[in-house]
Every structure is written in C-alpha cells, then in structure tokens.
Amino acid sequence: MREYLRKLPRETQDLIGLAGEIASVNNMRAYLVGGFARDLILGVKNLDLDIVVEGDGIKFAEDFARATKAALTRHKRFGTATARLAHNLKIDIATARQETYPFPASLPQVRRGTLRDDLARRDFTINAMAISIGGRDFGRLIDFFSGKKDLADKKIRVLHELSFIDDPTRILRAVRFEKRYNFRIEPQTLLFLKGAVRLKMLEKVQPQRLRDEIILILKEGRPLKELRRIRELAGYGFISPRLAVSKSTDQLLTSIGNCIGWFEGAYPRRRQLDSWLIYFMGLLDSLSLSDTRAVCRKFVFSRGEEKRLLSSKGLERKFAASLGKAKVKPSVIFNLLEPLSYETIILFKAKYKNRHIQKYIEDFFDIYNGMRIEIRGDDLHKLGVMPGPRYKKIFTGVLQAKLDGLVKTKAEELVLIKKLIERKL
Ligand code: CTP
C-alpha cells in the first residue's frame with residue numbers, strides 16, 4: 001500500500017509517519033483502519049485518520065497529541081481518543097478491541113483484543129481492512145476478510161450472519177455505502193439484512209443511534225436514492241408507524257435538492273444550510289404536528305432541531321393563503337418569513353410551486369432579509385424617547401414602511417418616527 005500512501009497530501013503522510021514512529025518507540029503496532037483504509041484504496045478523499053493500536057491506545061494518543069500539539073479527547077472506558085489538529089484534521093485512535101453483544105441491538109461489551117479481533121467486529125468487509133504503519137511492516141495491507149476484492153467487485157458484504165442482529169444500525173449503513181459508492185449489497189448479505197428487518201430489529205435499537213445514522217444518510221449529497229432503498233428494504237415504520245411515504249414525497253425530496261442547489265448557488269455567503277434537516281422535514285411532511293413531535297422526542301433531537309422540524313407544521317395553510325396571490329405587500333411577506341428558519345423557507349419553496357410564492361421567497365432572500373433601517377437608538381434618544389420596548393416597536397414600524405417603499409432616506413425615516421411618536425407608538 002506504500003504507493004497509495006505516497007499519493008496522500010504531504011501533511012497527512014508526515015502525520016502517518018509520526019504515528020508509526022510513536023508506535024515503534026512504545027513497542028506497539030499501529031494500523032490505519034476502517035473508512036480511511038477503504039477510501040485510500042478507492043482513491044476517495046478522506047482526511048479523517050482512523051488508527052488502531054495493539055497496546056495502550058490512550059498512551060499512544062497522548063504521545064501523539066503532545067508531538068503534534070493536538071487537542072485530545074479521551075474515552076478511557078473504551079480505550080479510545082480523538083486528536084484534533086489545525087485545519088479540521090481529526091484522528092481517531094483506538095486500542096484494538098474485541099466486542100460482544102450481551103443481547104441483540106445492545107451496546108457491545110468491550111475487551112482488549114488483537115488487530116484481528118478488532119477487524120472481525122466490524123460491519124462490512126470493505127471497512128475491515130488495516131494498513132500497518134509501524135517499522136519495517138510499513139504499508140502492508142492486512143485483509144482477513146477479502147475487503148479489497150469486494151471493493152473491486154463493488155460489493156457490500158457483512159462478516160457474519162448475525163451482524164445486522166448485533167447492530168441493526170448497519171442496515172442503514174449498508175444502504176449508505178451501497179449508494180455512495182454505487183456498489184450492491186451482495187445477495188447473502190441482503191438475505192441477512194431482510195431477516196433482521198423481519199425481526200423488527202430497527203425498532204429495537206436505541207433511537208439516538210438510529211438518528212445519527214439517519215442524519216449521516218441525509219448528509220450524503222442528494223439522498224433520494226438512499227431513502228428509496230430504505231423504503232424498499234425496511235419501510236419507514238422505524239421512524240414513525242404513521243409515516244406514509246408516497247410518490248409525492250419523492251417529488252418533494254427531489255424539489256428540495258433543487259431548491260438547496262438554487263440557494264447555495266445564489267447566496268454563497270449566507271449561513272450554510274443544514275440541508276439534512278430540510279430533507280428530514282420533507283420525509284416527515286405527511287405527519288401531523290403531534291406525530292412529528294413524537295418523532296422528535298423519540299430520537300431526542302436537540303431543541304433547535306426540534307423547533308425547526310415543527311415550525312412548518314400548522315403554518316402551511318396560512319402561508320399558502322397569504323402568499324399564494326398577486327400583489328402581497330413586502331411587509332406581509334417579511335412578517336411571515338422572517339421568523340422562520342432558512343431551512344423551513346427552503347422547504348416551503350420546494351413544496352409550493354405557485355409562482356407568486358416562488359417570487360416572494362426569492363424577493364425575501366434578495367431584498368427584504370438584508371434590509372436595514374438607518375436610524376439608531378441615538379436618534380430616538382435625541383427625540384426624547386426613553387430606551388425600552390418602545391424602541392423595538394418604532395424600529396419595526398420604520399422597517400415595515402421601508403419594506404413597502406414608503407420611506408427611503410434617513411430623513412424620511414426621521415419624519416416617520418416623529419409621526420409615530422405623536423401617535424404614541
Ligand atoms: N463500524 C462498524 N459498525 C458500525 C459503525 C462503525 O463496524 N455500526 C466500524 C467500521 O469499520 C467503520 C469504522 O467503524 O469503517 C468507522 O466508523 P464510521 O466513522 O462511522 O464510518 P466510516 O467507515 O469512516 O465511514 P464514513 O466515510 O461515512 O465516515
């Protein structure tokens with residue numbers, strides 16, 4: 001694998017060399033494993049180094065972090081650590097371990113083990129290869145389960161028949177890798193997967209673990225093909241028994257992809273969208289407010305995520321009625337859209353093809369969202385208004401007038417303010 005390693009950026013090669021030296025000095029063996037080894041062979045860029053150490057991984061990680069001035073997070077109980085370097089470079093370090101599942105879908109019990117144990121506990125052959133980075137062995141590929149052949153044959157294959165029972169999140173992972181690399185889940189693995197689905201294993205895993213995998217799927221570019229495959233293989237009952245996904249959901253998800261593309265092209269400098277959240281909103285589109293809330297609770301989404309996931313529900317009728325017609329005042333558009341997250345607005349843009357709604361949303365992003373008034377608190381103070389909630393009311397009144405084109409200059413804003421003051425606003 002030396003020739004593959006030589007193709008990596010210089011900085012990464014240096015880090016790998018250093019990790020190898022630290023392992024040798026400590027009399028340990030260290031290996032690059034998992035997604036890093038897989039993507040290296042595939043020639044896919046992946047800068048998250050994943051290192052397994054036969055020996056004390058924490059000690060290795062501490063030495064490595066000291067030498068590279070990395071910030072280190074340790075998980076002593078699992079013998080793992082994460083080193084974070086400049087430029088978002090992340091290095092996961094783990095003590096080679098053996099895992100046993102006390103019962104299906106449980107969290108595994110972990111014991112120290114050999115490299116072979118560590119590779120044998122993994123999900124798919126393509127993720128169960130290692131590249132030695134220590135001493136004379138440097139660059140040797142260790143491939144007990146023919147992962148390299150499966151990479152060449154484009155196959156997703158589990159290592160043993162209970163893999164999906166032990167860890168049902170692998171059902172979603174199989175689909176993710178299949179679609180990402182345009183591989184196929186090989187027939188025997190597919191039978192094991194379907195068996196686990198029949199046993200309702202997805203309903204038995206800790207929901208937060210499923211949530212993390214769902215998010216990873218929704219972060220895979222345009223995730224429609226992944227979502228279709230999940231529907232085909234497992235349905236969506238594991239998200240919510242009420243979730244009815246139809247052709248119109250597919251159309252909505254496609255349209256969401258287009259709208260995200262439009263937004264990112266038109267406004268490269270705005271806040272980055274949480275695209276996965278918009279896709280998830282699209283997927284949950286058929287659910288009622290209370291069913292969506294149940295999904296949020298079950299998967300323990302953060303408050304911010306929950307708020308955005310719920311925000312479109314209950315608002316849609318008002319939104320369509322108010323904006324689905326000609327000649328709506330800019331201030332009305334602004335008042336409706338400003339309190340919403342960008343994610344919710346993009347969902348609405350994807351959902352409502354009405355030409356007025358399309359135009360108003362574009363106007364909102366183009367003009368209204370960035371519009372500012374010129375008067376400041378000082379100006380109000382000079383006019384004798386005491387600081388307090390009244391300021392906000394006056395500012396809002398002026399902004400509304402500016403949005404509707406009733407005032408343009410600062411002088412006009414001041415004239416309006418005087419009127420508002422007289423009216424005791
Ligand atoms: N792994 C596993 N079973 C899981 C999760 C992870 O066996 N349920 C193993 C796989 O060997 C995987 C490695 O842990 O390669 C690292 O996991 P993760 O970072 O989630 O996946 P990557 O393979 O690195 O994938 P990605 O490119 O999406 O980061």
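**Reasoning through contacts and a ligand shell**

Colleague: Which loop holds Asn26?

Modeller: This is a predicted model. In it, Asn26 is in the loop between helix H2 (10-25) and strand S1 (29-33).

Colleague: What makes the link between the side chains of Asn26 and Asp63 a polar contact?

Modeller: The distance is 3.0 Å. The cut-off for a pair of N or O atoms is 3.5 Å. The pair is within that cut-off, so the term applies.

Colleague: Leaving aside neighbours within four places in sequence, which residues is Asn26 in contact with?

Modeller: Asn26 is in contact with Lys59 and Asp63. The word contact applies because heavy atoms lie within 4.5 Å.

Colleague: Now the ligand. How do you know that it sits in a pocket, and which one?

Modeller: It sits in the largest pocket. The test is that more than half of a molecule's atoms lie within 2 Å of the grid points, so the ligand passes.

Colleague: Which elements give two or more residues to the shell around the ligand?

Modeller: Helix H3 (34-42) and helix H8 (169-181) do. H8 gives the largest share, 6 residues.

Colleague: Of the residues around the ligand, which come nearest?

Modeller: There are 14 residues around it, and Arg38, Asp123, Asp167, Arg176 and Arg180 come nearest. By class, the shell has 9 charged, 4 polar and 1 nonpolar.

Colleague: Where is Ser322 found?

Modeller: Ser322 belongs to helix H16 (residues 316-323). C-alpha to C-alpha, Ser322 and Lys76 are 56 Å apart in space, and they are 246 residues apart in sequence.

Colleague: Why is the pairing of Ser322 with Lys318 called a polar contact?

Modeller: A polar atom of the Ser322 side chain lies 2.7 Å from the backbone oxygen of Lys318. The cut-off is 3.5 Å, so the pairing qualifies.

Colleague: Beyond four places in sequence, which residues is Ser322 in contact with?

Modeller: Val328 and Leu336 are in contact with Ser322.

Notes
Residues are numbered from 1 along each chain as its sequence is written. This is a predicted model: local features need pLDDT of at least 70, side-chain atom pairs count only at pLDDT 80 or more; totals for chains, interfaces and linings use all residues. Side-chain values use heavy atoms; hydrogens and water are left out. A residue is near a molecule or strand if one of its heavy atoms lies within 4 Å of it. On a 1 Å grid over the protein atoms alone, a cavity is a set of points where a 1.4 Å probe fits but cannot get out, and a pocket is an open set with protein on both sides within 12 Å along at least five of seven lines; lining residues have an atom within 4 Å of a point. Helices (H or I, at least four residues) and strands (E, at least two) are DSSP runs, numbered from the N terminus. Ala, Val, Leu, Ile, Met, Phe, Trp, Tyr, Cys and Pro count as nonpolar, Asp, Glu, Lys and Arg as charged, and the others, Gly among them, as polar. A polar contact is a pair of N or O atoms within 3.5 Å; within protein, one must be able to donate a hydrogen and the other to accept it, and residues adjacent in sequence count only if both atoms are side-chain atoms.
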